[in-house]
Amino acid sequence: MEATEIQTGDQRLELRLTSAKAPPRRRSVRQHIAEVAQFLAVVAQFGLVVLLVQYWQLESQLLARVMWLAFAGFVIHHLLPLRFRLPFFAMLSLVAVISSVGHIGPNLGVAWLTGKIRTIDFLYHLLPGLTLVGIGLGLIGLCHLPIRFAARVGLVAVAGAGLVFLRAHSQWFPDVTEMWVVLGSMFMFRVIIYLYDLKHRTAPFSPARAISYFFMLPNVCFPLFPVVDYKTFCSTYYNEDWPRIYQTGLKWMFRGVIQLLLYRLVYQYAPLDVSKLSSALDVAGCMLGMYLLYLRISGTFHLIVGLLLMFGFNLPETHHLYYLATSFTDFWRRINIYWKDFVMKLFFYPIHFKLRKIGPIRAMVVATLATFLATWTLHSWQWFWIRGRPLLDWKDFSFWMILAVLVLVTAIHETTRGRKRTLRPSRVTLQQRFIVGLKAAGIFSLMCILWAYWSCQSWAEFQTLIDAASRPTLRELMIVFGVLALICICGMVWGWSSRETSEGGSTQERRKPFSFRCRFGRGAMPVGCAIDCYPNDPEHQKCNSAVAGRCVKRS
């Protein structure tokens with residue numbers, strides 16, 4: 001099955017390459033002009049996004065430089081033949097890493113060319129980037145050694161342990177200190193996915209693909225980076241017509257810019273200092289502000305994935321209206337979709353299927369708790385690469401365990417109570433929309449409280465927050481209920497919309513705003529209560545065959 005999937009993917013790529021080599025069909029002048037006009041329109045919009053990032057100085061000056069490099073690289077990348085585009089993206093990503101980590105900008109290059117700085121000083125700026133690339137290529141090489149897979153995993157683990165030791169003592173190498181954060185962002189999770197797909201042979205492998213995957217162009221600017229699945233990364237490369245891919249990328253980059261600007265407004269004007277809160281309304285504003293600060297993560301992820309789409313990687317969205325989630329399982333499905341897919345693929349599915357003999361509910365309970373425990377552990381691992389020390393805090397652990405219990409209780413309720421499912425979408429009534437809106441408002445308010453608990457520095461600070469909200473006035477209550485009413489209305493309008501998963505699907509049905517799908521669904525099976533992804537995954541295929549009969553019976 002796995003070999004057939006790889007062969008099919010390679011055949012599709014070969015077909016595209018063959019069609020590119022074949023003599024082009026004669027096109028009318030009008031068609032040629034229309035295609036050129038489409039590309040120029042995309043270039044103009046991309047340039048506008050770059051100008052907005054530079055004008056508003058979003059995130060950092062480094063991001064603006066990388067965006068200009070990506071803009072120039074996009075034009076060249078599009079004009080190249082298809083077989084040269086992926087190697088070009090790989091080389092462009094390496095150039096971005098070497099130049100960005102070493103802070104090599106146009107001014108430094110001009111100074112070196114004009115003799116204002118010595119060659120040895122210029123080469124010194126290349127040291128951090130070249131060191132990062134060398135370590136990264138070494139890790140990729142270990143993954144492909146011609147030895148047993150278990151031995152390769154062991155060597156990667158040993159190399160990782162050595163890198164962890166060096167990261168913990170990064171002060172020993174002050175010349176390459178800034179390299180460690182970028183190295184961790186590129187390899188701490190992606191190497192796990194890469195080894196998983198390498199073991200199951202679910203995607204093609206080549207040097208260009210590996211370099212493009214690990215050294216993705218915008219990664220050097222963002223310590224927090226979406227966990228892109230390797231199989232999706234390969235399977236979505238120009239899997240649709242380029243105008244549609246580029247327009248989707250532009251839409252997500254614009255959405256990311258808007259969310260980053262909203263984050264600035266929240267950060268500047270929300271009452272986030274707990275010590276200065278004096279009323280219940282201030283407390284509500286503080287909780288709301290803490291929850292809305294996540295717009296920064298959502299905005300950067302949209303900007304990152306949108307930029308990758310401009311180079312043909314037709315990746316799905318990373319977040320989908322998570323502020324309008326109607327349950328805790330729905331919240332888990334909507335927020336940071338890539339991370340959810342990652343932990344489910346590596347932890348939930350294997351554990352669930354190994355324990356399926358003890359019963360679906362018990363297997364789901366164990367697998368869910370183990371998945372959230374892995375989530376907490378991996379977040380601490382991520383914190384180590386960013387800060388140089390792991391985040392071992394009881395409040396952080398309790399947040400993930402509380403969320404795990406809430407997701408689990410909701411999942412069990414959906415599984416045991418079930419839902420009426422039909423093969424065709426039924427008409428959504430106003431009463432149903434109102435119920436969805438009420439659920440969205442309720443989950444939003446509960447998540448504001450839980451997020452505030454997570455964001456507070458200590459339990460005493462959270463207790464101060466609760467004490468300040470203990471005596472609300474009628475006016476303050478009316479304002480709070482007014483905001484919740486607005487969330488309810490938004491939930492009524494947009495709460496039914498579905499999102500794409502990280503499987504790289506591109507069908508029209510998957511993009512429709514109101515779709516009811518009987519696939520690995522909520523209520524169809526305990527696994528579906530928390531996830532809807534990876535139909536080609538080896539573990540997921542077992543689940544699909546088991547779920548199909550249940551879906552038909554319930555329909």
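This is a predicted model: local features need pLDDT of at least 70, side-chain atom pairs count only at pLDDT 80 or more; totals for chains, interfaces and linings use all residues.
Reader: In which loop does Asn314 lie?

Author: Residues are numbered from 1 along each chain as its sequence is written, and side-chain values use heavy atoms, with hydrogens and water left out. Helices (DSSP runs of H or I, at least four residues) and strands (runs of E, at least two) are numbered from the N terminus. Asn314 is found in the loop between α14 (295-309) and α15 (328-334).

Reader: Is Asn314 buried or exposed?

Author: Buried means under 20% relative accessible area, exposed means over 50%, and partly exposed lies in between (1.4 Å probe, protein chains only). The relative accessibility of Asn314 is 5%, so this residue counts as buried.

Reader: How far apart in space are Asn314 and Phe233?

Author: In sequence, Asn314 and Phe233 are separated by 81 residues. From C-alpha to C-alpha, their separation in space is 8.0 Å.

Reader: How many helices are there in the protein?

Author: The protein has zero strands. Its helices number 23.

Reader: Why is helix α10 described as largely enclosed by the rest of the structure?

Author: Helix α10 covers residues 207-214. Its buried residues are Ala208, Arg209, Ala210, Ile211, Ser212, Tyr213 and Phe214.

Reader: Which residues does Ser185 contact beyond its neighbours within four places in sequence?

Author: Ser185 belongs to helix α8 (residues 179-187). With a relative accessible area of 8%, Ser185 is buried. Contact means heavy atoms within 4.5 Å. Leaving aside neighbours within four places, the partners of Ser185 are Arg190, Asn219, Phe222, Pro223 and Phe225.

Reader: What is the volume of the largest cavity?

Author: On a 1 Å grid over the protein atoms alone, a cavity is a set of points where a 1.4 Å probe fits but cannot get out, and lining residues have an atom within 4 Å of a point. Grid points are joined across faces, edges and corners, and a volume is the space filled by probe spheres set on the points. The lining of the largest cavity consists of Ser185, Met186, Met188, Phe189, Arg190, Pro223, Leu224, Phe225, Pro226, Val227 and Gln382. The volume of this cavity is about 70 Å³.

Reader: What is the phi of Glu59?

Author: Glu59 sits in the loop between α2 (29-55) and α3 (61-79). Its relative accessibility is 32%, so Glu59 counts as partly exposed. Although Glu59 is a residue other than glycine, its phi is positive, near 65°.

Reader: Is Tyr238 buried or exposed?

Author: Tyr238 lies in the loop between α11 (230-235) and α12 (242-269). Its phi is positive, about 50°, although Tyr238 is not a glycine. At 7% relative accessibility, Tyr238 counts as buried.

Reader: What is the mean pLDDT of the protein?

Author: A pLDDT of 70 or more is reached by 83% of the residues. Over residues 500-555, the pLDDT is below 50.

Definitions and conventions. On a 1 Å grid over the protein atoms alone, a cavity is a set of points where a 1.4 Å probe fits but cannot get out, and a pocket is an open set with protein on both sides within 12 Å along at least five of seven lines; lining residues have an atom within 4 Å of a point. pLDDT is the predictor's confidence in each residue, from 0 to 100.
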